[in-house]
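Colleague: I am new to this structure. Please walk me through it.

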Amino acid sequence: MNKQPTKGLLSFLAQAIRWNMRGSVGYQLYLGVLMLIMVVGVYAYSVQLNQGLAATGMNNIVSWGLYISNFTFLVGVAAAAVMLILPAYVFRDPHFHRVVIIGEGVAVGALVMCLSFILADLGGPHRAWHLMPVIGVFNWPSSILAWDVLVLNGYLLLNTLVPCYILYCHYNNRKADERKYRPFVFLSIFWAVSIHMVTAFLYQGLPARPFWNNPLMGPRFLASAFAAGPALITLVLAIIQTMTTFKIDPKLFNKLRLIIVVSAVINLLMLFSEIFKEFYTPTHHSLPAVYLFFGLEGHNALVPWIWTSISMNIIATVILALNPGKNNPKVLLPASVLLFVGIWIEKGIGLIVPGLIPSPMGEIVDYSPTWVEISISLGVLALGVFVVTWLIRPAIIIEQRYEEAASPTVREA
Amino acid sequence: MAGSNHEHKEIDKFIDRFLSRKSNRRSFLQGIAKTAVIGTALSAPGCSGDGILGIKEETALAWGEYFKGNYRLMTHTERNTTIQRLERLARLRDGVDVQISSRGPREQVLFGYAFNLTRCEGFMNCVAACEKENNMDRISKTQYIRTFELEHGKMSVEAGNGKYFHEVPVEGHFYMGVQCFHCENPPCVKACPTQATWQEKDGIVVVDYDWCIGCRYCLAACPYWGRRFNWNEPSVPKEELTRKQHYLGNRKRKKGVMEKCTFCIQRTREGRLPACAEACPTGSRVFGNLLDPKSEIRFVLENKKVFRMKEDLGTEPKYWYFID
């Protein structure tokens, strides 16, 4: 095989950055736009730091808003990488194996966004060290939030280290040693489920909030994540397919479609079960659901959102299931967008805000985010897209070079 | 040659001593605090000369405050040090002299509260007294106590009016006050990721304002809406400030942290009534030691028909409602 000397970690990182800086005018423009959105976000955050969270639309009744909504949804996107990791490493599916690194890149980007949203939501971000084990006081195992800090950071570590190791080996034109990374891959499969279950338990464990205090929340989080996540990965793959020379087997898109359909159907089934419980015999505890779907006492800020979301969900699920275009991307890709956005609304703002309305004292208010909140949220999303781009671009270059060097003699399973 | 050998031995000794020194979290934090103070001193050499090393006293105090630990885990000396710093900062920043107490719970005391639904006429003197006593933010008009006006025939605050603004009492109505119920099984304490809120031995659920990171999970976990967040920098006019304070009670809060009713810890630990109970003109508010068989609160619990809010949640509030 190759006898060239091993290139160090520093050269690996420097080369990755160099690849990321280079690109067409369109690519530079794209980076510029992301930077601009991030700069606006940073400015909005400085306003929030200065004025306090009073700069947001939140208050003592709706005490969590856009930040925590986005956080909750994105934990699902991060967890969904497991839908590529599982077939790639456990069932050794060659199609999934080729793109698993892209799924892991999307997961890392999603986690960066999750942690940024949490930081944006904290009243005292500079005191966040109080949360760190050893130097702070960690309320573990009592607080589910402490568990969440643990699982999210652990998952970030797993999803960074394993792909980095594999890429670094391939960068040096060496086969990655499976015995070294396989245990971590298996760990990350269980870990992916745990990040989303723990995040669901965060809400599910509060009897004070009947809308959240629902044992179906954990499983439904997973089902919606395994629909929205692969839908996003389908879109990312489609972009890579058109923008780069990295070719993806059409069979993979069909396999992803099947995963999305199964998950989306289970998700809708559970949604129906929840709606039945709330509306067949409405009790006092159904008021948040009534607020969400129909509005209460003239407050109906979420009503148009939730019906849009449910329509998007159903239409997209039907299209993806029946597959009328016979895997035509012009049909599948818009359907994936529809499903992704539908679940985003339903699991973000449609889950967090009604959990807090009416207040435990029965008060009903509406919540609408301010420009500060919206700018910070857009900034964090731009950061996520940026991170995903900067992770995936060098990964694809390294993989392509490795494939060329390895073929036709050896190829990893 | 000999000299350098000697030097080597000295260095070895120093390293040995350094390595054998027991390092724990506390000394680590103190180390950081000292480094930060020195760092500030070095970075601001031209500061017009107050304090040692030419750093502003206020800056040094602020760094010391930033690196301090959780109040519950502090030693007696550490508590005194932070209180001295806070009192000095109040002088430097706001030009006021405050006395901050760190008085702990008394033996054989467990505080409880009872609210007389028959007597209350909704005057809200309690709300005003609470605001004054506890140095509540005047900008956001934060209040720990809410009173609800309910029609006869109803018995839930959800059905009541919490924003009444008219002459009271209104015919055919009664009044119900709510605040933190200091649950025996508090969901907020369980939720806090940093143990910045806990239950004291005398039953009071408190917040360490300087340890709270402002995630608001406790607010979501409370079934009684007993907690408040500082959305903005709170402000109290100097002349209206209550200067007798407690570290866990009515001392100055900052933006981005939780706060709540502490049964007026600064008063009740000195054997006085909470401000709300003292201010009530109708005598609807009964406060006392649940472990004292001769207390008024025990009389109420033993002789009146009492109930607690949302008992099905198992939070065991130490706040009862009763009817004459």
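**A buried histidine, a strand and an interface**

Modeller: B:His182 counts as buried because its relative accessibility is 0%; buried means under 20% relative accessible area, exposed over 50%, partly exposed in between (1.4 Å probe, protein chains only). This is a predicted model, in which local features need pLDDT of at least 70, side-chain atom pairs count only at pLDDT 80 or more, and totals for chains, interfaces and linings use all residues. Residues are numbered from 1 along each chain as its sequence is written, chains are lettered from A and ligands numbered from 1 in written order, and side-chain values use heavy atoms, without hydrogens and water.

Colleague: Which backbone nitrogen does the side chain of B:His182 reach?

Modeller: B:His182 sits in the loop between strand E4 (173-178) and helix H6 (187-191) of chain B. Helices (H or I, at least four residues) and strands (E, at least two) are DSSP runs, numbered from the N terminus. Leaving out residues up to four places away in sequence, B:His182 touches residues including B:Gln199, B:Lys260 and B:Lys318; contact means heavy atoms within 4.5 Å. At 3.0 Å, its side chain reaches the backbone nitrogen of B:Val205.

Colleague: What is the mean pLDDT of chain B?

Modeller: pLDDT is the predictor's confidence in each residue, from 0 to 100. Over residues 43-49 of chain B it stays under 50, and the model has 3 contacts there beyond four places in sequence. In chain B, 83% of residues reach 70 or more, and the mean pLDDT is 89.

Colleague: Which residue is the bridge partner of B:Phe307 in E12(B)?

Modeller: Strand E12 (residues 319-323) of chain B has 4 of its 5 residues buried. Strand E2 (residues 111-116) of chain B pairs with E12(B) in the parallel sense over 4 bridges; two strands pair if DSSP finds at least two bridges between them. Strand E11 (residues 305-307) of chain B runs antiparallel to E12(B), joined by 3 bridges. There, the partner of B:Phe307 is B:Tyr321.

Colleague: Which residues of chain B lose the most area to chain A?

Modeller: The contact takes 47 residues from chain B and 46 residues from chain A. About 3,900 Å² is buried between the two chains, with 60% from carbon and sulfur atoms; buried area is the accessible area (1.4 Å probe) that two parts lose on being put together, summed over both. Together giving 20% of what the chain B side buries, the residues that lose the most are B:Ile213, B:Tyr217 and B:Trp231.

Colleague: How far apart are the closest N and O atoms of A:Asp121 and B:Arg216?

Modeller: The rule finds 2 salt bridges across the interface of chain B and chain A. A salt bridge is a side-chain nitrogen of Lys or Arg within 4 Å of a carboxyl oxygen of Asp or Glu. A:Asp121 forms one with B:Arg216, and their closest N and O atoms are apart by 2.6 Å.

Colleague: Is A:Glu297 buried or exposed?

Modeller: A:Glu297 lies in the loop between helix H10 (287-294) and helix H11 (303-322) of chain A. Its phi is near 50 degrees, a positive value in a residue other than glycine. With a relative accessible area of 70%, A:Glu297 is exposed.

Colleague: What is omega for the cis peptide bond that joins B:Val168 and B:Pro169?

Modeller: B:Pro169 lies in the loop between E3 and E4 of chain B. The peptide bond joining B:Val168 to B:Pro169 is cis, and omega is about -5 degrees.

Definitions and conventions:
A polar contact is a pair of N or O atoms within 3.5 Å; within protein, one must be able to donate a hydrogen and the other to accept it, and residues adjacent in sequence count only if both atoms are side-chain atoms.
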